[in-house]
Amino acid sequence: MTRRRLLQTAAAAAALPASCGKKHLPPPPYATLADMDSMLRSGQTSPLLLVEHCLERIAQIDKSGPRVNAILELNPAARPLADSTSPGPLHGLPILLKDNIETADAMQTTAGSLALRNLKPKVDAPLVTRLRSAGAIILGKTNLSEWANIRSPNSTSGWSARGGLTRNPHRLTHSASGSSSGSAAAVAAGLAPAAIGTETNGSIVSPASACGIVGFKPTVGLVSGAGIIPITHWQDTAGPMTLTVKDAALLMQVLAKDFTAELRPDALKGARLGVIRGQCGKHPQVLALFETALQKLREAGAIIIDPVKLPNMREAGALSWKAMLIELRTDLNAYLEQRGGDVRSLAELIAFNEQHRETEMPHFAQEFFEQAEKLGTPDIIAAGVAARENARLLAGPEGIDAALQSHQLDALICPTNDPVGRIDLAHGDTNERVASTPAAVAGYPHLTIPLGFVDALPIGFSFMGAAHADSRILALGHAFEEVTKARRAPQFREQ
């Protein structure tokens with residue numbers, strides 16, 4: 001332990017009541033949920049000390065120093081909650097939430113937009129109710145790509161009018177990816193052990209892989225989508241963003257059901273894994289990392305089928321996008337109307353952004369919003385329904401399911417991402433490859449786990465499976481993680 005760390009530990013212990021004793025210690029900087037839970041259960045630490053630890057990290061790394069800028073708002077009740085948290089599987093554990101997940105407390109829920117600042121939700125989203133009932137402490141809200149990156153094709157991931165720009169903690173000049181940028185960056189930087197993100201297409205797995213952490217997009221519908229600012233209910237889902245697969249499973253047992261029982265170190269033995277080469281990209285260094293991982297999988301007893309064709313993906317993606325803009329207008333109008341306030345429709349939101357152009361649109365406009373607003377006629381809506389049905393058929397039964405069944409596979413695998421590009425607010429994202437569309441359109445589970453680094457930027461490894469194969473996907477990922485141990489703490493490089 002360094003002298004600085006010893007002094008921090010001594011200061012923290014001195015601040016505690018005498019009854020706490022010397023054994024009450026802050027966790028290490030990158031303690032996992034499981035680590036913190038173990039410390040709590042053994043009496044080594046307390047919920048309040050965990051909260052103080054996270055708040056200190058946020059002050060030192062997020063709001064000063066490297067200035068990752070992942071945290072949009074802190075919960076002023078976090079300390080009092082730490083003194084009165086409920087018993088449960090997440091007792092005393094601090095969790096961050098993406099700022100499109102409703103909380104009925106002092107914090108706001110805005111999707112990063114100034115338009116929703118002045119009207120707070122009246123009730124917690126069901127997933128928040130579950131977290132609180134399990135004893136979790138809601139520490140704060142994370143920044144995101146405004147409106148979950150559905151406002152403009154020229155957007156910069158990680159930027160919102162309310163929160164500014166979130167940066168990648170591994171290389172601060174580079175993108176944290178979107179739209180759960182703040183959630184991923186916060187966990188990677190050790191600001192909290194876990195966060196809840198949301199995904200429509202890539203918004204959990206892309207920032208998780210780009211920031212070098214675990215991200216799990218569960219089967220759509222497994223986690224309640226109520227109380228989450230929508231894009232389309234056909235693809236939207238919340239999911240855990242954590243340091244380990246075990247931690248993701250610990251959160252899933254509260255958000256949905258218990259998947260921890262199948263987390264065995266030998267889960268890869270005899271598993272049949274299909275390499276979807278069409279989703280692997282062409283980046284030579286990424287492919288080299290992937291080939292090394294394939295060898296480790298074989299050594300762990302997995303059976304690798306390479307290649308496996310994933311049919312219909314381009315057509316499924318195009319149909320999904322056609323449907324998504326139509327569904328955005330319908331779903332967002334319904335959400336804004338029931339929420340109330342000054343902005344009650346997509347049309348009113350567009351007008352608000354125009355009226356506040358200097359603050360809302362200094363870097364990019366709202367072309368997707370404007371396109372969606374034109375798609376409200378009955379014939380267009382009917383065409384959207386047909387497009388969605390075909391997209392789900394092509395991506396699911398005739399896509400992922402067909403590939404799995406043709407080779408009797410447990411999962412499909414590929415590198416999640418290529419290295420993210422430099423942040424460029426003037427021109428928007430550089431749009432590197434991310435393998436997210438197949439599972440997103442089908443609504444199937446997708447897990448990304450750290451694979452390695454290219455030019456000091458993290459690369460992820462993806463497991464995708466059939467609908468409701470969440471438990472199996474997490475088990476495979478947990479065993480893979482134990483074999484590779486590829487996660488590294490960020491260096492906060494300024495280049």
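Guide: A residue is buried under 20% relative accessible area, exposed over 50% and partly exposed in between, with a 1.4 Å probe and protein chains only. The model is predicted: local features need pLDDT of at least 70, side-chain atom pairs count only at pLDDT 80 or more, and totals for chains, interfaces and linings use all residues. Residues are numbered from 1 along each chain as its sequence is written, and side-chain values use heavy atoms, without hydrogens and water.

Visitor: Which residues of H9 are buried, and which exposed residues are on the face turned away from them?

Guide: Val286, Phe290, Ala293, Leu294 and Leu297 of H9 are buried. The face turned away from the buried side carries Pro284 and Glu299, which are exposed.

Visitor: What do the buried residues of H9 pack against?

Guide: Their partners are strands S9 (272-275), S10 (303-305), S11 (411-415), S12 (446-454) and S13 (457-464), together with helix H16 (470-484). Contact means heavy atoms within 4.5 Å.

Visitor: How do you know whether the span of H9 agrees with its number of residues?

Guide: H9 covers residues 284-299, which is 16 residues, and at 1.5 Å a residue should span 22 Å. The expected span is 1.5 Å times one less than the number of residues. The end C-alpha atoms are 23 Å apart, which agrees. Just after H9, Gly301 takes a positive phi of about 100°.

Visitor: What makes Asn149 worth a look?

Guide: Asn149 has a positive phi, near 70°, and is not a glycine. Most residues other than glycine have a negative phi, and most peptide bonds are trans. Asn149 lies in the loop between strands S3 (137-142) and S4 (159-160).

Visitor: What makes the peptide bonds from Gly178 to Ser179 and from Asp306 to Pro307 cis?

Guide: Omega is near 0° from Gly178 to Ser179, and likewise near 0° from Asp306 to Pro307. Ser179 lies in the loop between strand S5 (164-165) and helix H6 (181-188). Pro307 is in the loop between S10 and H10.

Visitor: What lines the largest pocket?

Guide: The lining has 42 residues, and Asn149, Asn201, Asn431, Val434 and Ser436 lie nearest the centre. Helices H10 (313-339) and H15 (437-442) are the elements that give two or more residues to that lining. H10 gives six residues, the largest share. A pocket is an open set of points on a 1 Å grid over the protein atoms alone, with protein on both sides within 12 Å along at least five of seven lines; a cavity is a set where a 1.4 Å probe fits but cannot get out; lining residues have an atom within 4 Å of a point.

Visitor: Which residues line the largest cavity?

Guide: Its lining is Asn100, Ala111, Trp147, Ala148, Ile150, Ile229, Pro230, Ile231, Leu328, Leu332 and Phe369.

Definitions and conventions:
Helices (H or I, at least four residues) and strands (E, at least two) are DSSP runs, numbered from the N terminus.
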